[in-house]
2 protein chains.
Amino acid sequence: MRSRLLSLKMVLNLSRCVTVVNSPNFAMVHKVAIVGGGSWGSALSVIVGESVESKKHLFDTTVKLWLLREEVNGGEDLAELINRQHENVKYLPGIQLPKNIVASSDIALCVGDADILIMAVPQQFLAKTCENIVGKIKPTAIAVTTIKGIEVDEKRNMCVSSVIIQKILNIPVAALNGANIAPEVAEKHFCEATIGVQREQDGELLKQVFNIPTFHVNVVRDLQTVEYCGALKNVVAFAAGLVDGLKFGTNTKSAVIRIGFLEMINFIKQFVGEPSMETFHESCGIADLIATCFSGRNRKVCEAFVKGGRTIEELEKELLGGQKLQGPYTAAQIYIALERRGLVDKYPLITTVHKICSQQWEPKMLIEILCSQK
Amino acid sequence: MRSRLLSLKMVLNLSRCVTVVNSPNFAMVHKVAIVGGGSWGSALSVIVGESVESKKHLFDTTVKLWLLREEVNGGEDLAELINRQHENVKYLPGIQLPKNIVASSDIALCVGDADILIMAVPQQFLAKTCENIVGKIKPTAIAVTTIKGIEVDEKRNMCVSSVIIQKILNIPVAALNGANIAPEVAEKHFCEATIGVQREQDGELLKQVFNIPTFHVNVVRDLQTVEYCGALKNVVAFAAGLVDGLKFGTNTKSAVIRIGFLEMINFIKQFVGEPSMETFHESCGIADLIATCFSGRNRKVCEAFVKGGRTIEELEKELLGGQKLQGPYTAAQIYIALERRGLVDKYPLITTVHKICSQQWEPKMLIEILCSQK
């Protein structure tokens with residue numbers, strides 16, 4: 001009995017200790033850094049800059065924005081130019097960044113004193129970026145990932161960005177996701193987003209980092225659903241783009257979105273864990289799906305793809321200036337997981353996107369598959 | 001005890017009797033009639049005509065289509081013209097109707113021998129149409145309403161079309177609803193729909209009336225949710241149209257659709273009964289909502305409305321040739337119900353649509369209300 005009591009006390013002490021180390025303290029002023037100064041990181045800086053400025057009791061008003069060293073306008077350093085002009089002329093031209101955003105290409109300087117690290121680098125650079133900052137961050141820091149993607153690792157396990165961050169940095173991670181097309185976020189058109197947290201106690205502080213009248217944040221304790229929705233919706237959006245490309249109308253597109261939404265829900269139930277159904281009705285679920293399916297990027301590439309003659313990669317380079325559609329890559333990753341579990345037949349839409357993207361099937365097969373479902 | 005047994009026997013006999021009278025019989029061949037030959041009824045006739053033609057064991061292949069007597073092309077009877085040309089030149093020009101669709105303006109002739117009555121008249125003519133056919137239909141007939149609208153009657157009770165039909169005709173009623181914009185249905189672009197039934201045993205037969213490879217039908221036993229979704233989505237779509245009119249983008253529109261979707265769910269929970277959450281993920285729920293929010297009609301009227309100077313009614317006449325948007329009318333009806341129960345504050349989107357449509361508020365108030373929500 002005594003030893004059980006002792007061990008219970010040890011657990012309590014340990015948990016208290018963890019709480020002290022990792023819990024947000026509302027009496028202190030938190031420093032925020034954004035890691036990634038592309039169009040998405042810069043758009044987020046508009047929101048975060050305004051938000052922390054209005055909450056001086058909670059946040060240091062200076063927000064550091066890390067970006068890769070890059071020269072623009074014939075030799076000027078992009079970070080220096082941002083700090084002088086308050087505009088990211090390369091990745092978010094025409095948008096005034098708040099004056100409390102301070103850009104730098106020195107990653108140690110940016111993250112060294114941050115309590116909250118907002119991760120906004122492209123997915124393919126995430127692991128490398130995390131490795132670069134190991135040992136340079138506060139042990140009490142919390143990360144918020146805004147990166148949407150699924151990778152299958154060498155052991156064929158699925159990884160989302162929070163898993164990669166946590167593995168390398170060993171700090172608590174939350175995820176922000178929602179119907180947030182970057183240019184519209186930057187212009188402060190009203191929108192919503194969802195933060196998925198692992199730990200209840202992080203919710204309110206992280207919400208306050210972003211929440212302003214034109215950017216409403218809801219917090220859910222369902223991190224994985226928030227992240228997987230963000231990745232899976234790109235597959236459905238590619239199918240929606242094919243509908244546009246094939247010149248079908250709103251009825252077909254709405255059906256594709258609905259079927260895709262159900263496949264997203266089923267996939268998360270089967271592969272990830274027991275999601276809260278309400279999370280799918282948050283901005284990260286149905287709203288982000290709708291926004292992505294009706295944003296111009298998918299239509300543009302899919303229309304050209306349906307005409308034939310070029311691969312997705314060629315079209316991305318040509319039409320999106322190197323930006324990625326994500327859908328085809330995610331579909332390929334998901335397909336590996338489905339095949340492994342013998343579940344390909346249960347996900348006709350995701351499977352069809354993969355077969356079409358990998359040029360095993362013609363684009364018009366999408367309609368045939370839809371019509372042939374029972 | 002004996003009297004309880006006796007009464008139980010009576011109930012069993014009664015229920016068996018009702019079953020005999022009103023249950024579909026799969027051994028017999030059913031006659032189908034469509035009541036209403038506007039653009040929607042004509043579009044449905046394309047689907048139903050093809051469907052019954054391919055299921056001769058279940059259906060008489062002749063489908064009667066009732067429409068109001070009307071003269072076109074300088075004196076020709078529209079019904080006769082349809083039967084000669086297999087095209088509804090007035091309401092669905094350019095679409096070939098199946099040859100097994102037989103139009104007539106004689107309502108008694110159309111409905112007299114029908115086992116399944118598909119109701120497709122505009123909502124404002126529904127009660128009158130039903131009164132016209134009382135006593136002229138088979139007592140074993142089943143109605144399928146495809147009419148979307150909510151009315152508040154003189155006792156301030158909400159009525160949907162199934163309630164009106166059942167009250168007047170006293171036959172079982174089901175409802176068909178989905179992401180089904182009429183011209184696209186007529187062109188047989190792939191789409192989906194939902195049938196809500198009161199009685200399990202009607203589901204399969206009614207599904208077979210409509211289900212073809214390009215028009216997939218799911219059946220749910222949740223009639224009221226199917227109907228209320230069909231009416232409520234028009235209110236949300238009006239708000240989505242305002243977002244377009246105010247020149248906000250996809251993020252704001254997706255947020256409005258999401259918030260509206262939640263208000264639809266809550267309204268049905270509070271006012272109608274215990275819905276199955278899965279019904280909201282059927283075509284009648286989220287898919288129809290998306291299709292209506294992105295169809296051109298709302299945008300067209302709302303853009304002109306936001307510019308100011310004209311009422312909704314004037315714009316409907318001018319831009320939609322007299323067709324109705326439904327959203328403003330439904331919002332007004334819902335607002336009566338909300339006010340009566342002191343629930344206006346819980347439905348900010350529906351309330352805002354009503355206030356804007358009734359010109360109590362400026363259109364831009366929509367954005368202010370969204371930003372001010374907690």
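How many salt bridges does the structure hold over all chains? I count 38 salt bridges, each being a side-chain nitrogen of Lys or Arg within 4 Å of a carboxyl oxygen of Asp or Glu.

Ground rules first. This is a predicted model, where local features need pLDDT of at least 70, side-chain atom pairs count only at pLDDT 80 or more, and totals for chains, interfaces and linings use all residues. Residues are numbered from 1 along each chain as its sequence is written, chains are lettered from A and ligands numbered from 1 in the order in which they are written, and side-chain values use heavy atoms, with hydrogens and water left out.

**Entry 1: a pair within chain A**

I looked up Asp60(A) and Lys31(A). Their side chains form a salt bridge, 2.9 Å from N to O. The pair links distant parts of the chain: Asp60(A) sits in strand β2 (residues 59-66) and Lys31(A) in strand β1 (residues 30-35), 29 residues apart. Helices (H or I, at least four residues) and strands (E, at least two) are DSSP runs, numbered from the N terminus.

**Entry 2: chain B against chain A**

I took the contact list next, with contact meaning heavy atoms within 4.5 Å. On chain B, 39 residues touch 39 residues of chain A. The two chains bury about 3,300 Å² between them, 62% of it on carbon and sulfur atoms. That is the accessible area (1.4 Å probe) that two parts lose on being put together, summed over both.

I find four salt bridges between chain B and chain A. One of these joins Arg258(B) to Glu192(A), with the closest N and O atoms 2.7 Å apart.

Which element gives the most to the side of chain B that touches chain A? I get α10(B), with eleven residues. Elements giving two or more residues include α10 (250-272), α11 (283-294) and β12 (215-220) of chain B.

**Entry 3: the sheet of chain B**

I traced an open sheet of eight strands with mixed pairing, in the order β5-β2-β1-β6-β7-β10-β11-β12 (chain B). Two strands pair if DSSP finds at least two bridges between them. The edge strands are β5 (101-104) and β12 of chain B. The twist averages 25° from one strand to the next.

β11(B) and β12(B) pair in the parallel sense over six bridges. Glu192(B) has His216(B) as its bridge partner in β12(B). I then checked α11(B): this helix lies across β10 (173-177) and β11 of chain B, at about 140° to β11(B). Axes are lines fitted to C-alpha atoms, for helices over the stretch in contact, and angles run from 0 to 180 degrees between N-to-C directions.

**Entry 4: the sheet of chain A**

I read the order β5-β2-β1-β6-β7-β10-β11-β12 (chain A) for an open sheet of eight strands, with mixed pairing.

β11(A) pairs with β12(A) in the parallel sense over six bridges. Thr194(A) stands opposite Asn218(A) in β12(A).
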